[in-house]
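Please look over the chain below, and keep its numbering at hand while reading the briefing that follows.

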Amino acid sequence: MRAYERLLQYVNVWTTSDEASETVPSAEREFDLAKMLLEEMKEIGIKDVVLDEKCYIYGVVPATPGYEDKPAVGLVAHMDTATDFSGKDIKTQIIKDYDGEDVVLGTSGRVLTVSEFPHLKELKGRTLITTDGTTLLGADDKAGIAEILTAVEEIIQENIPHGKICIGFTPDEEIARGAKHFDVEKFGAQYAYTLDGSKEGEIQFENFNASTAFFTIHGNNVHTGSAKNVLVNSQLLAMEIQSMLPEEERPETTEGYEGFYHLVSMSGTVDLTKMKYFIRDHDCEEYEKRHALLCKIEERMNETYGEGTVELEIVESYRNMREKIEPCFHLVENAKKAIESVGLEPDISPVRGGTDGARLSFKGLPCPNLGTGGYAFHGPYEHITIEGMELAVRITKDILRRYAE
């Protein structure tokens with residue numbers, strides 16, 4: 001089965017994770033895809049396939065006889081889809097011999113435009129897969145799953161010599177919990193790759209240091225007729241907090257290695273307002289400076305409006321995996337050679353986000369990230385090409401071959 005055929009099957013299964021849930025997995029529906037994959041992995045010939053009670057799947061392709069001394073290499077992808085946009089009842093559009101121009105997405109009123117996504121010109125002549133504009137596609141990261149299983153199936157069928165190959169699929173990556181319960185020891189790999197990136201040929205081994213900051217702001221609500229010097233509107237204090245942050249350091253004004261403060265949500269009344277920020281920076285020192293600024297803002301607000309008016313909580317999410325990848329940089333070098341072997345120029349870029357691989361790297365499993373051939377993840381404009389997926393499969397196979405040499 002080709003990778004895109006697998007993808008089209010997987011996107012029919014609703015697997016959106018649930019950030020509000022405290023269960024593992026966050027949504028019971030994630031088991032629906034996991035059970036499908038469990039049977040498919042067994043049929044392919046993957047051994048020791050296990051689906052645990054937390055919706056993690058593990059499997060192994062034993063080393064070719066005589067190759068048992070080669071490094072055990074893992075391949076990882078996640079089953080859930082993003083919470084940003086609907087991932088239910090996905091209707092795909094398949095456009096053969098794509099002309100490189102704007103694409104109308106069903107009757108949704110949305111148009112995938114070249115002006116907004118200029119890389120579309122580079123996809124001319126390929127077979128493009130989109131949605132009808134009412135949902136996301138789910139190629140993030142069902143394309144990664146499809147490419148892993150296709151690569152492994154072809155390695156088995158073609159009797160390509162290989163070391164031990166370890167396969168792992170996780171739930172809840174999109175809500176930053178994917179690696180939390182991942183059993184590295186059970187997985188059994190020395191090194192691994194996540195297939196969870198964008199353009200085919202992409203290699204990512206640097207990601208943001210990331211945290212989430214929560215401001216709780218207390219006001220004092222009294223009748224407006226007697227409010228002078230008594231009423232404190234927590235919503236206005238929230239606006240004041242936002243004004244203290246650098247205006248030029250937001251996601252929409254930064255790129256590459258530039259960090260930011262991102263106001264994710266704000267809700268409240270006169271009495272009480274809550275704000276949630278994502279804090280991101282590749283540089284550890286600058287990352288800590290961002291935390292220090294938030295603490296200073298809390299201090300200033302309380303000096304002005306009274307102790308306890310503003311409360312700040314900072315929760316760390318993940319760290320930059322570069323420090324864990326550099327000691328085993330062969331992971332990047334082998335990926336570069338594999339990408340070049342299929343006629344592509346390696347695209348090495350920092351992740352402006354996080355992956356399971358970042359967290360796994362800090363759990364003792366060095367794990368850079370590879371592109372899957374998809375674009376515009378987390379929204380209705382998500383798209384991928386059949387040819388891009390097939391290149392990702394070839395790259396994956398070539399990496400595994402190199403570790404068997």
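Aspartate 172 is found in the loop between strand E8 (165–170) and helix H4 (184–187), where helices (H or I, at least four residues) and strands (E, at least two) are DSSP runs numbered from the N terminus. This is a predicted model, in which local features need pLDDT of at least 70 and side-chain atom pairs count only at pLDDT 80 or more, while totals for chains, interfaces and linings use all residues. Residues are numbered from 1 along each chain as its sequence is written, and side-chain values use heavy atoms, with hydrogens and water left out.

**Backbone details**

- Aspartate 172 has a positive phi of about 60° although it is not a glycine, and at 3% relative accessibility it counts as buried, a word that here means under 20% relative accessible area, with exposed meaning over 50% and partly exposed in between (1.4 Å probe, protein chains only).
- Cysteine 55, which is likewise not a glycine, has a positive phi of about 75°; this cysteine sits in the loop between strand E1 (47–51) and strand E2 (57–61) and is buried, with a relative accessible area of 0%.
- Valine 24 and proline 25 are joined by a cis peptide bond with omega about 0°, and proline 25 belongs to the loop between helix H1 (3–10) and helix H2 (30–44).
- Another cis peptide bond, with omega about 10°, joins aspartate 140 and aspartate 141, and aspartate 141 lies in helix H3.

**Histidine 162 and its surroundings**

- Histidine 162 is placed in the loop between helix H3 (139–157) and strand E8, and with 7% relative accessibility it counts as buried.
- Leaving aside residues up to four places away in sequence, histidine 162 touches Val61, Pro62, Ala63, Thr64, Tyr67, Ile155 and Ala404, where contact means heavy atoms within 4.5 Å.

**Helix H10**

- Helix H10 (residues 386–404) has 19 residues and reaches 28 Å from its first C-alpha to its last, close to the 27 Å expected at 1.5 Å a residue, the expected span being 1.5 Å times one less than the number of residues.
- Of the 19 residues of H10, 14 are buried, so this helix is largely enclosed by the rest of the structure.

**Cysteines**

- A disulfide is a covalent bond between the sulfur atoms of two cysteines.
- With a disulfide taken as a pair of cysteine sulfur atoms within 2.5 Å, the count comes to zero.
- Cysteine 166 is buried, with a relative accessible area of 0%, and its sulfur is 12 Å from the closest cysteine sulfur, in cysteine 367, which is too far for a bond.
- Cysteine 284 is partly exposed, with a relative accessible area of 31%, and its sulfur is 17 Å from the closest cysteine sulfur, in cysteine 328, again too far for a bond.

**The largest pocket**

- A pocket, on a 1 Å grid over the protein atoms alone, is an open set of points where a 1.4 Å probe fits, with protein on both sides within 12 Å along at least five of seven lines, and lining residues have an atom within 4 Å of a point.
- The largest pocket is lined by 46 residues, of which Tyr318, Arg352, Gly353, Gly354 and His378 lie nearest its centre.
- The largest share of this lining, four residues, comes from strand E14, and among the other elements that each supply at least two residues are strand E9 (191–197) and helix H9 (356–362).
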